[in-house]
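Notebook open. I want to go through this assembly piece by piece and write down what I look up.

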Amino acid sequence: MYLRLGWRNIWRNPRRTTVILIAIIIGVWSMIFLGALMRGMTDQMIRNGIATLTGHIQIHQRDYRNDPAVENSIEDPAPIEAALDERLPTGAHWSARIRVTATAANARYAGGVTLVGVDPQMEARVSFIGKAIKEGRYLREDDPFGIVVGRALAEKFETGLGKKLVLMTQDTEKNIASRAFRIVGIYRAEMEATEKQFVFVTLPAAREMLKLEKGISEISILLPGHEMVAATLASLRDAPPLSGCDVESWRNLLPLMRAYLEIYDSFIFLWYLVVFIAMAFGIVNTTLMAIFERIREFGLFKSLGMKPWWIIKEVMAESFFLLLLGILIGNILSFLSVFLLMNHGIDLTRFAAGSEFFGISRVIYPSVYGRDVLLANLVVFILGLVVSLYPALKAARFKPVEALAHV
Amino acid sequence: MNIVECVNVTKTYRQGKMEVRALGGVSLRIKKGGFVALAGPSGSGKTTLLNIIGGLDAADSGSVIVEGNVLDNMSQTELAQLRLRKIGFVFQSYNLIPVLSALENVEFVMLLQGVPTKERLDRARTILDDVGLEGLYDRRPAELSGGQQQRVAVARAIVSDPAIVLADEPTANLDSKTGRELLEMMGEMNEQKSVTFIFSTHDKMVMDHARRLVLIRDGLLADDQDRDP
Amino acid sequence: MASIDLKMAWRNVWRNPRRTMLTICAIAFACLLLVFMLSWQFGSYETMINSAVKIHTGHLQIQAEGYRDKNDIRLVVDDPAAIGRRLEALPRVDTYTFRADAFSLVSSKERTYGVLVIGIDPEREARTSTLSRSLQEGRYLEAGDADEALVGKLLAKNLRIVPGDELVLLGQGRDGSVAATVVRVKGIYASGQDDYDRSTIQIPLPYFQEVYAMGGSVHEVVVLGRTLKDVPVIKEAISEGLKSEDPESGLVVLDWMELMPGLVEAIQIDLYSGFIFYFLLIVVVAFSILNTFLMAILERKKEFGVIMAMGTTPGRLVRLLLLESSAMTLVGIFIGTLAGILVTWYYQVHGFHISGAADVLRQFGLPERIHPRLSAASILIGPAAVLIITGLTALYPALRVRRLRPVEAIAKG
C-alpha cells in the first residue's frame, strides 16, 4: 500500500520529480560511463603490456630479472617446454625467447635496443608482433640474417627494407659480439617507445651471435583469459622441471601497471562518492520540499492514528522509486553510450605524444566492469536511502495539531 | 468625467473541455471620485470584470478605457506601467510581500515609480498614519492582524495617488467589525483624496457603504443604482 | 532602488533556511572540491615540469637543427663559447651549461650495455641541473677530472659496478672514427626517473670532446631562466641574436615544451579529462539545486501576482528573482571557495600522501608527498565555472515567471 502511495506521491509534482531524476540520471551516467572509459584505458594499458612481450606468465632463470644478462639464461629449456605442453590449459600459447640489450648501428647512427630472438611461428601466437608487420614480411624459420624493426627506429636510423643493420651485444664469453642483419620487415606498435626498443631476429640467429647452445632468456605464456592466471601459475610452480625457475604473473612483472590499477580503483570509488554527494543535496532537498508541502496531510494521517513508522516507510518509498528510476535510466543511458563508442572509441591521436607519456593507447574504448556498475548503483541506492531518512524522520515527527494548523 | 469606460466586454474561460462564460457583454461607465460596489453572487463575473478593468486580465472582445488609456492591445509591460501609475489593488488576502515590513511594502510602489528616498519615507509614514497604523511601520505582515494587513494594502494602493483603487472582496477574510472599520477608512480616503474606489463584494454590509451599486448576475449587468449610504 | 531589491532578495533567501542551507552546501561542496583539485593538478604540473627541466632538458636548449629528432653526433653547436657570451648578456638567464651526447657500448668486467654517454661541464652542470644533488654513492665530478664517470643507479646495478671500478666505452666519434676509452666510476646518481637512471653515464665535457673527436663543439647549450615565465622572452632574444649574427648558423632554440612534447600533451590530457569530470559534477550539482530555485518561484505565485498587480514589470520581477538566486549562489561559492582555500592551504603546507603510488609518481617526477599549490587560476576557475552553470540553471525558472499572468497567479496561489 505505501509503495503505491509513494509512487503516486512522486508524480504529484512531475516537474520537480523530473528535475531531481535528471540529477540522479546524469550522476549515475557519469559514474558508469566515465568509469568504463577509465577501465577501458587501463584495460588497454594491460593488454599492451601483455602483448608487448610480457604475456600472462613468464618463466626465467632465477637470477635473470635481477640481472638480465645472457649468462642468466635457462640453459636447457627442453624439460620445461615438455612440462608446459603437459600442464598448460587448452588454448594457451607459449613462446621461448632470447632477450638481451644490444646496440644497433648503421653507417650514420647508433642506439640502444632490445634484441629479441624468437621462433617466428610460436611468437606470433603470443605477442603483438605476429600482426604488426606493416612493410615487408615477418621472420621465417630459416632467416639467419633477417631482422624486423619498428617504424620509429627505421625513421630515426633513416633506414628501410633491405638495408643493413649491425647489432652489437655481449656474448656468453663476455666478448662483444656483432652481426650484420638485413631489415626484412617493419612493424608498427601502439607505443612509439615499443617501436624504438624491440628488434626481432630468429632464435638460431640470436644463439649463433651470442654463442649460446640451447639456452633461452625467457618463456612467455599467453592464456585464453586473465582469470586462468592464478591456477596456471600454481600448477607451473609445482612442475619439477621448473623448480629452479622464476615463474611470475604479469602483475608482478609490471609493478608500475599494478600501481596504476590500484590508483584507478581508488579514483573510481572517490568519483562515485563525490557525484553521490552532489546529488544527495538535491535528493534531501527535494524530498524535504515534498513533505513540507504535505505537512497537513501528514497531520491528518497522524490524527487518523497512523504510526510514525508508517510515515517513514511512505516517505522512504518515494525515495526508493526516485532512486530506482534514476538508476534504471542512468544505467540504460550508460550502456547506450558505451555501445555507441564501442566501434570507434575516443581518439587521442591529437595527443599522441601525451598518451605515450602516460602509457595509454591512442584510441580509448570503454570497458564495462560488472563490479564497477554494481558499486556505482549500490552507492547511489543505499546511500540515497540513508540520506532520505532525514526527511522521513522529519515527517514522522510532525505533531498532528501543528501540522493541521499549518497553511 | 468617466474614469473607467467598458464597452461590451466579454470573457470566456476554458476549464478543461468546458467553456465558462464569465462576462457576456458588459458596458459600464464610472465617474471620477466614485465609491462603487460591484455586487453579485460568487461566479457572477464581478472579479473578472475587476481584473479586466485593472489590466490583469484581457477581455475577449469589447473595449476598456481607463483614464483615457485604451487597454485592449497593450503589452504586459505597458499594462504593468499603467497599473503602476493609475491603478491600486487590494485583494482578499496575501496582499503584502511577506519579507518586507509594513513601511517597506508601502514604499515598494513608490520605489517602482522612482520616487526619491526622502519623499518616499515621508509619504509612506503619512499614509500609514492616515490608515491608522502609526507605530507599526516595522512590523512584517506575519506580525500584523488581518485587518491591519488590509489597511497596509489600502495604504499601499493609494499612496501613489492612483486614478482608481480596485478592491476584490477586501473584507471577505475579516470579521464584520474589522470589515466595517476598513470600509469606513476606505470611504474617508475616497473623500479626502478623491480617489475612485471600485470594489467587488457579496456582503450586504459592504454594499450598504457604496454610493453606487452595480449588480452583476451570470456575467451580465442586472442592476445599476446610485445610493446614499 | 537597488537597495530594497537586495534587501528583498536576501530576506527571501532565508525564508526557508533549511532549503537554503542545503543548496548553499551543494554549491560550496563543488567549489571546495574544484579549488582543491585544480590546485593539486596545477601544483603537480608545475612540479613535473620543474623536475623534468631540472633533471635534463633545462628551460631552453640551443641545438643544431634536426639534432632533437635524430641525435646525430655530427649535428653540433660549433662555437658554444660565443653563445655563452651572448647568454651572459641576457638578464633573465639564470644559468646555462654545455652538453654533448653519444651513444656507446659500455662494458664493465662482466657486463656490456648500450648507453647514452653525456659530456658535462661539472661546475656549470651543478648550477643548472639536479645531477650533483642526486648522487647516491661516491663523489661528483670536479673541474680537473678527465677519465672519470658518473653512472645511473640502475645501470650501475646492471653493470655490477661500484665507485672505483673501471668501464670501457666504445662508440663512434664525430668524424666516424672509433671512440674508445677507459674511465673510472666516480659516483652513482639516482634522478628518480628509471629510464634515465638505466641508460645514462656522464663524463667531463673536455674529455668527451677529446674521445669523440668533437673539437670544441657541443650538442646542446642548456639554459635555465630565472622562472618559467621568462622562457618566451629569453627564447625570443636568443633567436633574434642567432639570426642577426649569422642567418646560416643552422642553430635553433627549443623551449621545454618543444623538448618534451610528451609532457606537455600529457598535461593537456590530464587537464581536459579533469575538466570533463568537473563539468559533469557541476551539472549534477546544478540539477540538485534547480528544484530549490524552481520551488522558490512556484510556491510564491500569489505573491508575484500581487507584485505584478502593483505595476512591477515582468522584467523587473525576473531581475528580482535572479538577484535572489545569485545571492544564494554567491554565498555558497564564497563559503566553498574559502573552505577550499583553507583545506588546500593545509595540504600545501603539510603535503598529501597517496599510499602505494610512490613508484608511479616518481616516474612523472613527482615526490611521494604531493603539495597542491594555490594560485589565482586554481582558486578562480572552479568557482567561476560553478557560477556560470548555476547561473544558467537559475535563469530557467526565473524566465518562466515572464509567462506568469497576474490574474492566474493570484487565482492559483
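Predicted model: local features only at pLDDT ≥ 70, side-chain atom pairs only at ≥ 80, totals over all residues.

**Entry: H5(B) itself.** I checked the span next. Helix H5 of chain B covers residues 146–158, 13 residues in total. From first C-alpha to last I get 19 Å, close to the 18 Å expected at 1.5 Å a residue. Then I looked at burial. H5(B) is largely enclosed by the rest of the structure, because 10 of its 13 residues are buried. I note Gln149(B), Gln150(B), Arg151(B) and Arg156(B) among the buried residues. Val152(B), Val154(B) and Ile158(B) are also buried.

**Entry: which chains touch.** I went through the chain pairs. Two pairs of chains are in contact, and chains A and C share the most contacts. Chain A does not touch chain B; I find their nearest C-alpha atoms 12 Å apart.

**Entry: the A–C interface.** I counted both sides. Chain A brings 53 residues into contact with 49 residues of chain C. On the chain A side, the elements giving two or more residues are helices H2 (14–54), H10 (255–293) and H13 (352–358), with strands E2 (93–105), E3 (110–118) and E6 (164–170). H10(A) supplies the largest share, 19 residues. By residue type, this side of chain A divides into 32 nonpolar, 13 polar and eight charged.

**Entry: strand E1 of chain A.** Is this strand mostly covered or mostly open? Mostly covered: I find four of the five residues of E1(A), 57–61, buried. I then traced its partners. E1(A) pairs with strand E10 (residues 245–249) of chain A in the antiparallel sense, over five bridges. In that pairing His60(A) stands opposite Asp246(A). E1(A) is also joined to strand E9 (residues 218–222) of chain A by four bridges, again antiparallel. There Gln58(A) has Ser220(A) as its bridge partner.

**Entry: Gly315(C).** Where does Gly315(C) sit? I place Gly315(C) in helix H13 of chain C, residues 314–350. I count 13 other C-beta atoms within 10 Å of Gly315(C), so I log this glycine as partly exposed. I also checked a distance to another glycine. Gly216(C) is 99 residues away along the chain, and the two C-alpha atoms are separated by 78 Å.

Terms used:
Residues numbered from 1 in each chain as written. Chains lettered and ligands numbered in written order. Contact = placed C-beta atoms within 7 Å. Nonpolar A, V, L, I, M, F, W, Y, C, P; charged D, E, K, R; others polar. Expected span 1.5 Å × (residues − 1). Buried ≥ 20, exposed ≤ 12 C-beta atoms within 10 Å, placed from the backbone. Pairing = 2+ DSSP bridges.
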